[in-house]
Amino acid sequence: MLRYVAKRLLLLVPVLIGLSFLVFIFVRSLPGGPAIALLGERATEESVQAIERQLGLDQPLPVQYLRYARNLAGGNLGSSVLTRQPVSTELRQKFPATMELAIAAMLFAIGAGVPLGFVAAKRYQGVLDNASLVASLIGISFPVFFLALIMKYVFAVRLGWLPSIGRLDVTRSLAHPTGFYLLDAVLARDWDAFVDVLAHLLMPAIALGTIPLAIIARITRAATLDVLSEDYVRTARAKGLSGGVVNRRHVLRNALLPVVTVIGLQTGLLLTGAVLTETVFAWPGVGTWMLNAIRNRDYAVLQGGIVFFAFIVVLVNLVVDLSYALLNPRIRYR
Amino acid sequence: MALLEVRDLAVKFATRGKTVHAVNGISFDLEAGQTLGIVGESGCGKSVSSLAMLGILPRPAGRVTGGSVRFDGTDLLGLSDAKLRDIRGNDLAMVFQDPMTSLNPVLTVGRQLTESLRSHLGMSKREARDEAVSLLDRVGINDARSRLRSYPHQFSGGMRQRVMIAMAISCRPKVLIADEPTTALDVTIQAQILDLLRGLVAAEGMALILITHDLGVVAGVCERTNVMYAGRFVETAPTGKLFADPKHPYTVGLLKSVPRLDARRKQRLSPIAGAPRDLTSAPTGCAFAPRCTYATPESWDQLPLLREIAPDHHVACWNPVPEADLVTAGLRPAARGEPA
């Protein structure tokens, strides 16, 4: 098991090297550059060149890449052109916000998707099954930002039930040692702030979690239908176990195996969706940060952010694979 | 009153606008400690009738459309689901055909063994574990205590079937239904499993219903044998009598298709011609008529009912196989002194 984890972590190295190269090329193929973004379109040729020289952008691309790769290997992601802050510092500030949003969205997707898919399978071809099919198709085909805008309009603007932007009411102060506001509120024992953070989190999490919810519900339904016709479920029923025990212990446990894999694959999607959701809800996370970096051609931020996203996706999938082995005794990693 | 009394049990399946008449009225009695074989080819309704008795037909397709199943005086078909659950796995237990797929792959064998002990007998975790160890011992699994922590995939096929049997007998059922318990196993293991079942039935005083397509299996285990075709019993008799004096053409056909060690060399096995009856229409005449060499117009028109043609020997046939044909078929040794 430990050897397997080590092997998987080691595999990260070539993945990150390849990725850093691709990102480097993509970022530089964007029209314009940081100098023009900084100085505006009417900047003189000389001032642009001066900035580029300052940033080392006048060097040939291979030289630039080697310098970037050497820094990356040393854990140095470079500094933002705009704020002059190290990318790693900014990442540490922004990432908890995105992480909190992504976890909340995933919890929502799993918490609603698994029961929905399970019940749909139990009522196979019934009204509820068909209704959930229609609902999931709508959920999957709805663009995240559009759903977010509608929700914001209805619940924040029209009904005024929920705050429309940010993570915390501006009038409220909360120390945030961890950057995860819910956790920070608990640590500070500030329950009013906790409720406020939760209220801010609700809509972005639902908007972001809708597509994963629909996918998880569909996968759960299909897996449950498969498992329901398995011989071992008949055995469990022949033992005279109650319906609840058969469902939980024998059906759901087996049906969740493919769902776990899907959860891992959804992480990447979730981070992409976070960029859009964060923009709509002015969520101060990695998404808005990267969007600004694209606008400003902030090469170091873009490179650092994307490589970090990739790192997270690979890591989450490793965790998912490991937990899969815990759930499925037929799999043993070595 | 018999321990288990089945009367006119009928089961239908609804599939895509068609109705499959899977079981068309079977009746039998099973006394405590008795062993009964139910023999027939695939799809004749053997397994479906046992699932119906336990109330675990696949729903919503399958449903019992008539008859009664009385166990110890209570009609199982009229019981609520909760009441039936108390009996199922407790007094009436079942061993299934394929031990590869009938055990839950993600739970340990110990968990699967102890769950009925705990739910039916209210044992504590520790009591159930100890009982599970002794159950595994009894079905011949070595090193039982440590094997409780193993998962099904860590057992061989024969061992898994032993686990299935241990699970089925865990609450000391009064009736054990074994549905093709040896079909998925290779021949040497088959013999071991049958020995085990025979021994357990004798030791525990359980009644056994052994469902199989293999006459060789019932021969060594069952006191009585019912031959089933197209959802009906066509011949019932004590096993010895059935083998010595088969009357229904289908029974004779089954016996002729069993490979025999004492047959002359190069003698071919004779399969039964034709295919099993399509059960999507309600039967009118004898269901076996299309495949039967003895069929007469009467066979096609009228359903033959079981009638006693010798003491304790019932046949549902208008034209039972004559004595002479049994000799030519090689099922009956010719009179002594003549060359075989």
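The model is predicted: local features need pLDDT of at least 70, side-chain atom pairs count only at pLDDT 80 or more, and totals for chains, interfaces and linings use all residues. Residues are numbered from 1 along each chain as its sequence is written, while chains are lettered from A and ligands numbered from 1 in the order in which they are written.

**Chain A**

- The average pLDDT of chain A is 85, and 99% of the residues score at least 70.
- Chain A contains 13 helices and 0 strands; helices (H or I, at least four residues) and strands (E, at least two) are DSSP runs, numbered from the N terminus.
- The C-alpha trace of chain A spans about 85 × 55 × 40 Å along its principal axes.
- Chain A has 334 residues, of which 36% count as buried; a residue is buried if 20 or more other C-beta atoms, placed from the backbone, lie within 10 Å of its own.
- Of the contacts in chain A between residues at least 6 apart in sequence, 71% join residues at least 24 apart; two residues are in contact if their C-beta atoms, placed from the backbone, lie within 7 Å.

**The sheet of chain B**

- In chain B, 8 strands form an open sheet with mixed pairing, in the order β6-β7-β8-β3-β9-β10-β12-β11; two strands pair if DSSP finds at least two bridges between them.
- Strands β6 (92-95) and β11 (307-310) of chain B stand at the edges with a single partner strand each, so one side of each is left without a neighbour in the sheet.
- From one strand to the next, the twist averages 25°, with axes taken as lines fitted to C-alpha atoms and angles running from 0 to 180 degrees between N-to-C directions.
- Strand β3 (residues 35-39) of chain B pairs with strand β9 (residues 224-229) of chain B in the parallel sense over 4 bridges.
- B:I38 has B:N226 in β9(B) as its bridge partner.

**Where the chains meet**

- Contacts link 22 residues of chain B with 18 residues of chain A.
- On the side of chain B that touches chain A, α2 (81-87) and α3 (109-121) of chain B each supply at least two residues.
- The most is given by α3(B), with 4 residues.
- By class, this side of chain B has 8 nonpolar, 9 polar and 5 charged residues; Ala, Val, Leu, Ile, Met, Phe, Trp, Tyr, Cys and Pro count as nonpolar, Asp, Glu, Lys and Arg as charged, and the others, Gly among them, as polar.

Definitions and conventions:
pLDDT is the predictor's confidence in each residue, from 0 to 100. A residue is buried if 20 or more other C-beta atoms lie within 10 Å of its own, exposed if 12 or fewer, and partly exposed in between; C-beta atoms are placed from the backbone.
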